[in-house]
Every structure is written in C-alpha cells, then in structure tokens.
Amino acid sequence: RRSISQYNCYHYPFDIVLGVSKPNYSDEQLQKIIDDNEKGFDFDGKHYTNYQGTQLQRKLETEIRKQKDIQIAAKSAGNKQLIGESQLKITQLTRKYKRLSQISGLPTKMERMRVSGYRRVSVAKMK
C-alpha cells in the first residue's frame, strides 16, 4: 500500500475531529458534484463521466508525448517516412484532444504535451 500524497498523487491528508470539524461541503453540494459528474458527456459514440473524460485527456496527452519522442528519434535517424507518420499521428491526436475538451467542457492542459526538442514538421513539404 502507498500513502496518500506520494507517487504523483495529488490528494493530501488532513486531520478531522468528529463533532468539531465542519465539512467543506453540504450534503446537497456533494450530491450536485456527484450528479454533475455522472451527467458527463458523449464523445465518439460513448458516454463518459467527467472523471472518465479527464482520464481520456491524460491518455491522449501521454500518446502525443510518445509520438513526439518518436518523431525526434526519427529525425535523428533521418527516417523521413517515420517522421511523417508520427507527425500525422500527433496532428490527429491533438485534434481529438481539442475536440474532446470542447465537447466535454473540460479545461485543456497543453503544457502536458510539451516535449523538449520537438519541432513540428510539415508533412506536405516532406512528400
């Protein structure tokens, strides 16, 4: 088992004294949060809760970074075909990410997709 607030976890423990500490949210506010999350949104023919939407965003961000790493390696190796393939995937994934964020209303976190040394290339110019 791991403790709360370790290993990239953004939860933080704090003391609660039963009967003395006031809750941060009323029961009505908590129910509204739960209902809003469950309401969610539809994307690519599937229903997602807001939480599932954020997890899909993280997955897309990771895949975009992976493709950027591949494109950087392909540039170093001089593999023009792989450069083009990875750049095309980056473009497609970025469009999907933006569309997901727009449909869901979730905030974008473009800084999570940055990769040091990555420079976009024009696939059209490579042909």
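Reader: What volume does the largest pocket have?

Author: Rolling a probe the size of a water molecule over the atoms shows where empty space is left. A pocket is an open set of points on a 1 Å grid over the protein atoms alone, where a 1.4 Å probe fits, with protein on both sides within 12 Å along at least five of seven lines. The points are joined across faces, edges and corners, and the volume is the space filled by probe spheres set on them. Here the largest pocket has a volume of about 330 Å³. This is a predicted model, where local features need pLDDT of at least 70, side-chain atom pairs count only at pLDDT 80 or more, and totals for chains, interfaces and linings use all residues. Residues are numbered from 1 along each chain as its sequence is written, and side-chain values use heavy atoms, with hydrogens and water left out.

Reader: Which residues lie nearest the centre of the largest pocket?

Author: Lining residues have an atom within 4 Å of a point. The largest pocket has 10 of them, and Tyr 10, Tyr 51, Thr 54, Gln 55 and Arg 58 lie nearest its centre. The lining divides into 3 nonpolar, 3 polar and 4 charged residues. Ala, Val, Leu, Ile, Met, Phe, Trp, Tyr, Cys and Pro count as nonpolar, Asp, Glu, Lys and Arg as charged, and the others, Gly among them, as polar.

Reader: Which residue meets Arg 58 in a salt bridge?

Author: Side chains of opposite charge can pair when their charged atoms come close. A salt bridge is a side-chain nitrogen of Lys or Arg within 4 Å of a carboxyl oxygen of Asp or Glu. Arg 58 meets Glu 61 in this way, at 2.8 Å from N to O. Both lie in helix H2 (residues 50–77), 3 residues apart, about one turn of the helix. Helices (H or I, at least four residues) and strands (E, at least two) are DSSP runs, numbered from the N terminus.

Reader: Is Glu 61 buried or exposed?

Author: Buried means under 20% relative accessible area, exposed over 50%, partly exposed in between (1.4 Å probe, protein chains only). Glu 61 is buried, at 2%. Its side chain also forms a salt bridge with that of Arg 112 (3.9 Å, N to O). Arg 112 sits in the loop between H3 and helix H4 (123–126), 51 residues from Glu 61. Arg 112 is partly exposed, at 32%.

Reader: How many salt bridges does the whole structure have?

Author: The search finds 5. One of them joins Asp 44 and Lys 96, at 4.0 Å from N to O. Asp 44 lies in the loop between strands S1 (41–43) and S2 (46–48), and Lys 96 in helix H3 (residues 80–104), so the pair ties together parts 52 residues apart in sequence.
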